[in-house]
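This report describes one protein chain and the ligand beside it. Look at the structure first, then read on.

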Amino acid sequence: MKLTLHVWRQNGPDAEGRLETYDAPDVSPDQSFLEMLDDVNEELVKEGKDPIAFDHDCREGICGMCSQVIDGVPHGGMERTTVCQLHMRVFNDGDEVFIEPWKSRAFPVIKDLVVDRGALDKIIQAGGYVSCHTGGVPDGNAHPIAKPSADYAMDAAECIGCGACVAACPNGSAVLFTGAKVSQLAVLPQGKIEAKRRVNLMTETSKELGFGNCTNHYECQASCPKGIDVKFIAKLNREYIKALF
Ligand code: SF4
Ligand code: FES
């Protein structure tokens, strides 16, 4: 396939960004989207030009590093698919493809398609953990946990912290991410002890960092590559109200 790419290029956080056009003349339908960009970058390097900066790591949908808005949709709009798992077979010969970084006040652009998602780490640092003495691995059955609670926690734990929910939300809200992290720990015996403190600190930190509020657009759930459900936002709200009392 031959594609025409319109890629966001920006030299730094304070530089002005612009869309630049590149040809991708020999794209295999079996390539991943990132492999296709690797080929474009190889050509740019051969020509002595600056390659397109983009985030990636595992390339198997588990680390949350890849972060591109493709044709206006975070991760490209394939259900439960990260950019690294998006394959070129979903495109057609002659397509024009627009590639942009996450756009959110809380995620400043570092370069081209790379944004600073440190704000999500700050929300986790505020309370998304369990305080305990590390040591030997505890016995598997030392804390009996009911199967429905374990399943619920596991569903929430699927969040990979990619930030697509923030990029998709018209308010730039991080409540799906925060809801997943709060819910995951709130239903487990180890996490219940600090549940009130956690939800207050994580919610306050999210506000301070410039993330918006939720007004039920559900764009977050639609763009989440891990299928995180908005029921975790409802759980976050319930935990927050409980903590107020
Ligand atoms: S909730 Fe989904 S979209 Fe948001 S950070 Fe987690 S995995 Fe990414
Ligand atoms: S590179 Fe790890 S999830 Fe895409």
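In which loop does His 75 lie? His 75 lies in the loop between S4 and S5. Helices (H or I, at least four residues) and strands (E, at least two) are DSSP runs, numbered from the N terminus.

This is a predicted model, in which local features need pLDDT of at least 70 and side-chain atom pairs count only at pLDDT 80 or more, while totals for chains, interfaces and linings use all residues. Residues are numbered from 1 along each chain as its sequence is written, chains are lettered from A and ligands numbered from 1 in the order in which they are written, and side-chain values use heavy atoms, with hydrogens and water left out.

**The chain as a whole**

The chain has nine helices and seven strands. Its C-alpha trace spans about 60 × 35 × 35 Å along the principal axes. Of its 245 residues, 47% count as buried. Buried means under 20% relative accessible area, exposed over 50%, and partly exposed in between (1.4 Å probe, protein chains only).

**Two residues with positive phi**

Most residues other than glycine have a negative phi. His 75 is not a glycine, yet has a positive phi of about 70 degrees. His 75 is buried, with a relative accessible area of 1%. Asp 71 also is not a glycine and has a positive phi, of about 50 degrees. Asp 71 lies in the loop between strand S3 (69–70) and S4. At 42% relative accessibility, Asp 71 counts as partly exposed.

**Around the ligand**

The shell around ligand 1 consists of Cys 159, Ile 160, Gly 161, Cys 162, Gly 163, Ala 164, Cys 165, Leu 176, Phe 177, Cys 224, Pro 225 and Ile 228. A residue belongs here if one of its heavy atoms lies within 4 Å of the ligand. The shell divides into 10 nonpolar residues, two polar and no charged. In this scheme Ala, Val, Leu, Ile, Met, Phe, Trp, Tyr, Cys and Pro count as nonpolar, Asp, Glu, Lys and Arg as charged, and the others, Gly among them, as polar. Helix H4 (164–168) and helix H5 (175–186) each supply at least two residues of this shell.

**Two helices**

Helix H5 has 11 of its 12 residues buried, so it is largely enclosed by the rest of the structure. Among the buried residues of H5 are Leu 176, Phe 177 and Lys 181.

In helix H9 (residues 231–244), the buried residues are Phe 232, Ile 233, Lys 235, Leu 236, Glu 239 and Ala 243. They cover an arc of only 155 degrees around the axis, which puts them on the same side of H9. The arc is that of the directions from the helix axis to the C-beta atoms. The exposed residues Lys 242 and Leu 244 are on the face of H9 turned away from its buried side.

**Aromatic rings**

How many aromatic pairs does the structure hold? It holds three. Rings of Phe, Tyr and Trp (its six-membered ring) pair if their centres lie within 6.5 Å; planes under 30 degrees apart count as stacked, over 60 as edge-to-face and the rest as tilted. The rings of Phe 33 and Phe 91 have centres 5.8 Å apart and planes at 40 degrees, so this pair is tilted. Phe 33 lies in helix H1 (residues 33–46) and Phe 91 in the loop between strand S4 (73–74) and strand S5 (96–100), so the pair ties together parts that are 58 residues apart in sequence. Both Phe 33 and Phe 91 are buried.

Phe 107 and Phe 211 form an edge-to-face pair, with 5.9 Å centre to centre and 80 degrees between the planes. This pair ties together parts that are 104 residues apart in sequence, because Phe 107 lies in the loop between S5 and strand S6 (109–111) and Phe 211 in the loop between helix H7 (195–208) and helix H8 (219–223). Phe 107 and Phe 211 are both buried.
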